[in-house]
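Hi there,

Have a look at it first, then read on.

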Amino acid sequence: LPCRRCEGTRPPWQRVTRLTAYEPPAREWLRAMKFRRRWAWASWFGRALADVLPGPEPVGHGRVWAVAVPMPWARRWWRGYNQTDLIARALAKRRGWPVTPLLKRTRYAPPQTAVAPSRRPENTRGAFACENIDLAGHRFVLVDDILTTGSTLKACARLLRQQGARHIEAAVVAVADPKDRTALEL
């Protein structure tokens with residue numbers, strides 16, 4: 001069920017699949033992956049997420065592509081990896097799908113966890129770009145690690161839609177309750 005903020009609005013994707021809730025022990029595993037260089041968790045999360053995606057492929061026609069939510073280059077440089085890309089690659093390998101880097105970061109934006117939930121859509125505005133190619137006839141699984149308010153996924157999915165994608169699903173490791181302060185402590 002959508003939160004009060006989302007009621008009456010239609011997200012730019014057909015379905016969200018999550019592996020778990022953002023609570024222990026998954027919360028600690030995600031934090032270790034993101035902040036303590038435990039990048040091996042990303043492969044495990046990707047394989048597990050691939051196993052819980054409904055059906056052999058998303059509903060509809062056309063080739064399925066996995067697309068990771070991109071991170072700012074400075075954060076990627078500091079960490080040495082993009083955990084969301086690693087999750088997407090493990091998920092795609094398990095499902096036999098290609099991964100495509102259609103989305104790019106166009107500017108640095110503070111991490112969503114450092115921004116009040118009400119300001120997150122503004123924080124993502126203009127932070128992403130999509131390759132200028134026709135995406136009609138293809139299906140996309142947009143992969144992220146944690147879904148709190150959905151602002152990042154919405155910004156990315158809208159860009160895919162603008163390029164002609166008609167079937168987009170979101171796959172996330174964990175969903176956090178946006179009213180839960182522990183989700184904001186990262």
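Helix 6 is mostly covered, with 9 of its 12 residues buried (buried means under 20% relative accessible area, exposed over 50%, partly exposed in between, with a 1.4 Å probe and protein chains only). Helices (H or I, at least four residues) and strands (E, at least two) are DSSP runs, numbered from the N terminus.

Before the rest, a word on the source: this is a predicted model, where local features need pLDDT of at least 70 and side-chain atom pairs count only at pLDDT 80 or more, while totals for chains, interfaces and linings use all residues. Residues are numbered from 1 along each chain as its sequence is written, and side-chain values use heavy atoms, with hydrogens and water left out.

Back to helix 6, which covers residues 151-162 and reaches 17 Å from its first C-alpha to its last, close to the 16 Å expected (1.5 Å times one less than its number of residues). Among its buried residues are L153, C156, L159 and L160. The elements that cover the buried residues include helix 5 (120-124), strand 5 (139-147) and strand 6 (167-175), where contact means heavy atoms within 4.5 Å. Helix 6 lies across strand 5 and strand 6, running at about 165° to strand 5 (axes are lines fitted to C-alpha atoms, for helices over the stretch in contact, and angles run from 0 to 180 degrees between N-to-C directions). Just after helix 6, G164 takes a positive phi of about 105°.

An open sheet of 4 strands has the order 1-6-5-2, with parallel pairing (two strands pair if DSSP finds at least two bridges between them). Strand 1 (15-21) and strand 2 stand at the edges with a single partner strand each, so one side of each has no neighbour in the sheet. From one strand to the next, the twist averages 20°. Helix 1 (residues 26-35) packs on the sheet, touching strand 1, strand 5 and strand 6, and its direction makes about 100° with that of strand 5.

Strand 5 and strand 6 run parallel, joined by 8 bridges; R139 has H167 in strand 6 as its bridge partner. Strand 5 also pairs with strand 2 in the parallel sense, over 5 bridges, and here A66 is partnered by V141. Strand 2 (residues 64-68) is largely enclosed by the rest of the structure, because 4 of its 5 residues are buried.

Not counting residues up to four places away in sequence, N82 touches V69, P70, M71 and R76.

Best wishes
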